[in-house]
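Open the model in your viewer and keep the selection tool at hand. The stops below go from the whole chain to a cavity and then to one helix.

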Amino acid sequence: MIKLGQKSDAKDLKTRIIGVGVFFVAGLLVLSINLYRLMVVRYEEFNALSVDNQFKDVRLRAPRGLIRDRRGEVLVDARPSLDVFITPAFCQKCPVEVLPRIAEVLQWDEEQRLKVEAMVKAAHGPQRYQPLIAAVDISRDEFDQLLAKQFLLPGVDLEPVPHRSYRAGPTLAHILGYMNEITQEEITKLNGMVERPPYALGDYIGRRGVERSFEHAIRGNDGWVKHVVNARGEVMRDVRGNILRGGQSEAPTPGKNVVLSLDARLQAEAERAFPGTAGAVIAMETKTGFIRAMVSRPAFDPNEMTGRVSPKRLFQLNQDPLQPMVFRAGAEHYHPGSTFKVVTLLAALQAGVMTPTSTVNCSGGYTLGSRRWRCHNERGHGSVDAKRALQVSCDTYFYRSADLMGIDPIASMGKLFGLGAVANLGVAAEVPGVMPDSAYHQKYTPGGYTKGMALNTAIGQGDVNVTPLQLAVLYSAVGNKGHVFQPQIVQRIESPEGQVVESFVPKQVREIPMTDEQYKLIIDALVSVVNEPGGTAFRTRSADYTIAGKTGTAQVAKLGTVRLKKEQMDYFERDHAWFASFAPAEDPELTVIVLNEHGGHGGSDAAPTAAAVFAKYFELKKADSFALGEEWVPPKPPKPVFYSKPNPAAPPDVSDPGLAGDVPPPPEATVQAPTGAPR
Amino acid sequence: MMELSAERRSVSQMPWLLLLTVVLTTAVGIYNLASASRPPSSPMWASQIAYFFIGSAIAVVVAWIDPKLLERLAIPIYLVNLGALVALKFFGHKAKGAESWFIVGPVRVQPAEFMKIGMLLMMAKYFHDDYRPQQPTYGFLRLIPPAVIALIPTALVLVQPDLGTALMMAFTTVTVLVFARPSLTVWIVAGVLAIGSVGVLWNDYVRVQNTEQRFTIIRHKLKKHQDARITGWLDPTSDLKGSNYHAMQSKIAVGSGGVNGKGWMEGTQTGLRYLPEQHTDFIFSVFAEEQGYLKCLGLLVLYAGILLAALGVAAGAKERFGAFVAVGIAAMIFWQVFENIGMVTGLLPITGITLPLMSYGGSSMVSVLIGIGLLINISLKRQRSGL
């Protein structure tokens, strides 16, 4: 071995050391060139990526607008829903300790607990930092219990979240609508190609009624801020705990409020006074077309439909034979029955086949060819003129008119009144109904049009079908002398501060020519229906104002040879009871249509509801005028009724609808104890 | 010889350039660490200063050890280090999937960092002892002992597993072996081996093959994360959310620094913790993001200064032992810098390796400073041996 420091000379290494040095410098040059490529050449690209990394757009939800009634009473707003959120990343020992504790308080069954557990376990990566909804709408008691245990529940947040609240429950459900989660297809369709799309998955969107048709106004515009986030998606805070924000932001614009023309008080009365299982009540301003009250029964609860409905319950609702999801006031049509007779009468007068004074002798029916059309009064009404024909609802008179003029004049008149076309309330689905004419029958009826079809149509049977809403438009036009209005339920749109943004004015669709004589005749006839003995709605009269109206009893099942009482028939075979009316007759303000589906007779099962609505309307009008300091002009009372001997031509009918049925009495004013003891 | 020695008997015997560049780089490292470990992290720069002083103290001791003692100690140091690496297998602390640490009271020691030095000393001693002026080139037989000296610790480090350090040790060994001047035969065989391994890489990773009957030579033997790293290195877009995520985030950090950088403590990738191990292995991306290209060049110049100063020490060494140690330490520093910055900028696959004097860590700091101490020792030794 060579001794150290002697022969092991290092001189021969010099050139090689230089070589190593050149290699090192070359290596560092390679690094610096690569750095140049990244930091100078591709700077823009990487800088953009680093900015993307740094910020997360956080949406600031715009509060949704309220829906109010005409006086400002809130119908739809937001309530706090007490929700439980779990953030998987912060939830330690989640399935073993935390979830069983929550399950105990909220009384979850095993299935529910496992469902939440699966949801928590499914989150991976940055998703683990997103709070998941574990329970919604827990009770205040449960909320407090969980709050007390919160130190044992890491990663669990309890928060009141604004949730849409329909204060009146099922009342107005079809009009107000409901909301639920938006679908991916809708997002694609609605968002378009904008930089900050208005909708995101998980958002709620109006599904029906005003919520849907006025979505654009009620929704408002979401704002956004840029939050600084770290690699795990956590929002960063400064030393004081404030959230770190990026440069730009935009404040949310709250949604606008929708003010309906409805009066909640009148609505409540209409709901209360309507006795039917199914049907509709519409109170419409005769001279504007604005809706004051609208009942469609049965209904669903929009609070339930708004994100709180189970698939099972939804199935139940859809399977319910009474079809609570159907908007009966506008999306279902019915035979109008005798309420249609005003159209036939006006058509006959204008076609010249009848004059106000010409009479028809009713012997209990009308024979055309080999068939006999029965009048509802089998003993006959005797000699009836136009006014009496409406008052006693004599079918024979209208059979005769139809025989003389055919179906087309009736159909034209009906179409002028808006039948056969959607009334266009605009907030809910509507059907056009059917106003058959000869062309219609030629096309759809096997064997084509025959005169008998005109006879059926003349009394509101056959193929003629109307929606309660169309009938409301029709009777308003009768009451206001021919002005057909488009029905409307939204009075105006207001900013959140109450400034009017858009105000809706009455929309007249057309005017039906009508002579004063014709108008007076029809009004007199309709007044006599309610206010003269023998009229089919005589029991509905008021002593304070004059109601003009017409009852209707629409057949659903083919009549057998024996007439049955409604109690003797299956529910779905019973007649529909109609009452169409307006008041005061001299200067009509309010049109009220009542349809009691399978309810029986118009006079007994529909008219009393209308009477109650009118009573409430005038009571409220009086109260409001006092409150507002306006002069109260009471409506003119009707002519006093003299009970003379009954008209021999029309003896009281046993089936006279006016003799049976009534509205449930208003609830007695309960005196509340000062302590507010529960009623 | 005496005249030369007399000329060098002055203060310039101290490698001032080396000291200056080392102190400057450490200062830059501490400044950068203050940003990388900004709140809410603990202020690591303070500990780093402490490590620097501990390391400097050890370096001073190393620098003043009698060179002859150092040579005699080469074998025991090497063996003790080997023993420590083996012991690690039994008593080591597992962190991040690798057994690389001893925990002695409050101190965590990483034996691999010291093994490098032991390995270099051992190889230098071999080349010193084996000097044959009549046979200037090294054939296979004479290269086997140093290869074995290097291979044992490298293999032990590799199975920890610490691929980064093992690679660095392998590259350093190759550099030292090349420096020792292998024979033409060795060059030819090495060339064939290099082409062969490129071929293996091409066959296993680049060539498009049927997934079911894929023929691979070594790929199926690699661990999954190692395999993914090689795939990711060859194709950076292959798995952006998975194993390539960190590589991409690191490139974003470096690239977004631009010419002038985002400013000290202003780096967003750093502040928001998009970078893994940002105070150790990825410290350079913090520096690049905040300081920009020009200062990165400055840092590379500092490293170049250290390397050239180290080679200057090698050139000035009178004995082969000193020259080999100096070249070995320079190579070690070079390969760490090259591997680390190469990995951070996407030039090389991601392996765990620290950036000398910049990365946080006591073992890394102390081992580099021991190397510097050795360089000073060698530099001063020619003065004393000249007397």
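Predicted model: local features only at pLDDT ≥ 70, side-chain atom pairs only at ≥ 80, totals over all residues.

Residues are numbered from 1 along each chain as its sequence is written, chains are lettered from A and ligands numbered from 1 in the order in which they are written, and side-chain values use heavy atoms, without hydrogens and water.

**Select chain B.** Of the 387 residues, 54% are buried (under 20% relative accessible area, 1.4 Å probe, protein chains only).

**Find the cavity.** The whole structure has one cavity of 30 Å³ or more. About 40 Å³ of space lies in the largest cavity. A cavity here is a set of points on a 1 Å grid, over the protein atoms alone, where a 1.4 Å probe fits but cannot get out; lining residues have an atom within 4 Å of a point. Volume is the space filled by probe spheres set on the points, which are joined across faces, edges and corners.

Which residues line the largest cavity? Select Leu85(B), Leu88(B), Lys89(B), Leu156(B), Val159(B) and Gln160(B). Helix α4 (residues 67-91) of chain B gives the largest share, three residues.

**Move to helix α8 (residues 184-206) of chain B.** Pick out Val186(B), Asn203(B), Asp204(B) and Tyr205(B): these are buried in α8(B). Helices are DSSP runs (H or I, at least four residues), numbered from the N terminus.

Note on methods: Buried < 20%, exposed > 50% of the residue type's maximum accessible area, 1.4 Å probe, protein only. 1 Å grid on protein atoms, 1.4 Å probe; cavity = no way out; pocket = protein on both sides within 12 Å on 5 of 7 lines; lining within 4 Å. Helix = DSSP H or I, 4+ residues; strand = E, 2+ residues; numbered from the N terminus.
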